[in-house]
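Me: Hi! Could you walk me through a structure that is new to me?

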Amino acid sequence: MKFLGRVTLATAAVFSLIVAGGVSAQAADPAPCTPITTELKAKKLGKLYAYAVNLANQKVLVNVRSNSQTPSASVMKTITAAAALKFVVKPREVAQLPPYTAKTSVLSLPSEPGTLILKGGGDHTLTRVAANSYTTYYLPGQHPVKLRELAARTLAALPGDTPITKIILDDTFFKGPTWNPNWYAYSRTNGDTSPITGLMVDAARKNPDLTDTKYSGYRVADPTIQAGEFFKQWLGARAANAVLVKGVTPGSATEITVGNSQPISTWMVHALKISDNTETEVIARHTELAMGLKNKYTSVQTMGKRLFTALGVDSSKLIMKDASGLAPTNRVTAKLLVALMTAAADPLSDISALPSMMATSGSGTLNGRFLNYNKTTKSYYLVIPVGAIRAKTGYIGTVYALAGIVTTPEGNKIAFAIFARSAPSEGFQVGTGTKQAIDDVVEKLYLCGATL
C-alpha cells in the first residue's frame with residue numbers, strides 16, 4: 001500500500017498483533033495524519049465517485065461525485081441482501097417462525113404409476129454430486145439437499161416392480177424469462193451466472209465437484225434439463241427409459257419426499273462473501289415473493305425502491321436491472337450506498353445483520369487485500385485487522401467498487417462507498433492498480449478517520 005508511513009514495522013506497537021489465517025495485523029503509528037487529498041487524487045482511481053461519513057459525529061470525510069450515478073458492480077448485492085433481511089428474515093424472527101428455506105419435492109401421479117414429478121422450489125444449491133464430494137455451497141453442519149438422497153427415498157416409496165417411464169420437471173416456481181437480457185451472453189459461458197430457474201442443481205455448473213480436477217464453473221444453457229438428467233441417473237435402472245418432460249405439477253399429484261434447503265440467511269452470507277451472482281439472483285426472487293411481488297427479474301427495481309423507502313432514504317437515482325450487479329445498466333450513487341451502510345450500522349435496524357454477512361480482512365473477496373510486507377520478519381500482515389472492516393467488493397470490467405463499514409482503532413465507525421470508473425473520453429482509465437488505490441483510501445479512513 002502507498003500509505004505505509006503510518007504502519008509500524010517493528011515489534012513495538014500500540015495494539016497487539018492479531019493473527020488470522022497466518023497473517024498478522026499491526027497497529028498504526030500514532031504520528032499526525034495528513035489530509036486524504038493525495039489518496040483521492042490517485043490516477044488509478046479513474047473517474048472517482050466516493051463518499052465517507054464518520055458515524056460518530058456525521059462528519060463527511062470524503063465527497064467526490066457522491067450523488068452522481070455510476071454502474072454498481074457487485075456492490076449491488078448489499079441492497080439485495082438488505083432487502084432479504086428486511087422483508088424475509090426479520091419478519092419471520094418477529095413472528096417466531098422457522099428460518100426461510102426452499103423446498104424441492106418429488107411427487108407421483110396415482111393415475112400414472114410410472115410418472116414422477118421433480119418440483120423445484122427455487123433451491124440453487126440442490127446438489128447432484130456423489131458421497132465424499134462437495135460443492136461451493138457445502139458448509140459444515142449445513143449440507144445442501146442431495147439429489148441422490150431424494151432419489152433413494154423415492155425408490156424406497158415406490159412399489160418394487162414399477163418402472164419409471166416419465167419424469168415431469170416443474171421449474172415454474174420462478175416466473176418470467178430465465179435469462180436477464182441486461183446480462184452479456186458470455187456471462188453464462190464464462191461462469192459468472194446461470195439462467196435462473198426454479199429447478200436447478202449446483203447453480204447449473206457444468207461440473208460443481210470441488211474434489212474433481214475437472215471442476216468447471218461454466219453454466220449450462222438449460223438448468224432444468226440438467227437437474228432432470230441427474231435425477232434420472234440417481235434413480236438407476238428403473239428409470240433407464242424414462243422420458244424427461246418440462247411441465248406443471250398436476251393437482252392430483254401426491255408428495256413422496258421433500259428436501260429443505262439451507263436457510264436463506266446462509267445463502268446471503270455466502271453470496272456476499274464470495275460474490276455469487278446466481279445465488280444473489282435466487283435470494284432476490286424469494287424476497288420478491290415474500291413482498292407480494294411477482295418473483296421475476298423485472299421486480300427487482302420495486303424491491304430495491306421499497307427497501308430504501310422503508311429505511312427513509314431517497315432512492316430516486318437507483319436503477320436496478322438485476323439483483324447481483326452484473327448488469328452494466330445498473331445505477332447507484334455512493335451517497336445511496338453510504339445511507340444503506342449507515343442504517344445497517346444501527347444495532348436496532350432490521351438490517352443490522354448486514355455488516356456481519358460481508359467479508360472482512362483476509363476472507364472472501366477481501367482475501368489478499370489490505371496487506372503489507374514486513375521486511376524484518378519477511379512476512380505479510382494485515383493493515384486493517386480482521387473484523388475492523390466489513391465490505392462488499394465489485395468489478396465489471398470498467399468499474400471497480402468497494403462499500404462497507406470500517407471501524408477505526410479508536411472505535412469510530414466510518415461508512416464508505418467508492419466507485420472507480422473508466423471514462424476514456426475524459427482521460428480516465430482503471431485497471432491494474434485500481435484496487436490498490438481504492439484500498440489506500442480505505443486504509444487512510446481506518447488509520448486517520450478520527451482526525452480527518
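Predicted model: local features only at pLDDT ≥ 70, side-chain atom pairs only at ≥ 80, totals over all residues.

Me: Thanks! Which residues touch the most other members of the largest nonpolar core?

Reply: They are I79, M268, L337, L340 and F419, in a core of 58 residues. Helix α2 (residues 76–94) gives this core its largest share, nine residues. A nonpolar core here is a set of buried Ala, Val, Leu, Ile, Met, Phe, Trp, Tyr and Cys residues joined through side-chain atoms within 4.5 Å. Buried means under 20% relative accessible area, exposed over 50%, and partly exposed in between, with a 1.4 Å probe and protein chains only. Helices (H or I, at least four residues) and strands (E, at least two) are DSSP runs numbered from the N terminus.

Me: And what does I79 touch?

Reply: Leaving out residues up to four places away in sequence, I79 touches G304, L307, F308, L318, M320, V332 and L340. Contact means heavy atoms within 4.5 Å. There is also a second, separate core of 33 residues, which includes L40, V430, V442 and Y446.

Me: L337 and L340 came up. Which residues of α9 are buried?

Reply: A334, L336, L337, V338, L340, M341, A343 and A344. That is eight of the eleven residues of helix α9 (residues 334–344), so the helix is largely enclosed by the rest of the structure.

Me: What covers those buried residues?

Reply: The cover over the buried residues of α9 includes β3 (47–54), α2, α8, α10 (354–357), β15 (399–407) and β16 (413–421).

Me: New topic: how much space lies in the largest pocket?

Reply: About 530 Å³. On a 1 Å grid over the protein atoms alone, a pocket is an open set of points with protein on both sides within 12 Å along at least five of seven lines, whereas a cavity is a set of points where a 1.4 Å probe fits but cannot get out; lining residues have an atom within 4 Å of a point. Grid points are joined across faces, edges and corners, and a volume is the space filled by probe spheres set on the points.

Me: Which residues lie nearest the centre of that pocket?

Reply: S74, G394, Y395, I396 and G397, out of 23 lining residues. Strand β14 gives the most to the lining, with four residues. By class, the lining has eight nonpolar, ten polar and five charged residues. Ala, Val, Leu, Ile, Met, Phe, Trp, Tyr, Cys and Pro count as nonpolar, Asp, Glu, Lys and Arg as charged, and the others, Gly among them, as polar.

Me: Staying with β14, is I389 buried or exposed?

Reply: I389, which is found in strand β14, is buried, with a relative accessible area of 0%. Its contacts beyond four places in sequence include A359, L366, F370, I405, F416 and V442.

Me: How many cavities of 30 Å³ or more are there?

Reply: Two. The largest has a volume of about 40 Å³ and is lined by K77, T80, A81, M268, A271, L272, T280 and I283.

Me: Where is W267, then?

Reply: W267 sits in helix α6 and counts as buried, at 1% relative accessibility. Among the residues W267 touches are A102, D123, H124, V282 and H286.

Me: Last one: where does S299 lie?

Reply: S299 lies in the loop between α7 (277–290) and α8 (300–310). S299 is buried, with a relative accessible area of 9%. Its side chain reaches the backbone oxygen of K294 at 2.5 Å; a polar contact is a pair of N or O atoms within 3.5 Å, where within protein one must be able to donate a hydrogen and the other to accept it, and residues adjacent in sequence count only if both atoms are side-chain atoms.

Technical notes
Residues numbered from 1 in each chain as written. Heavy atoms only, no water.
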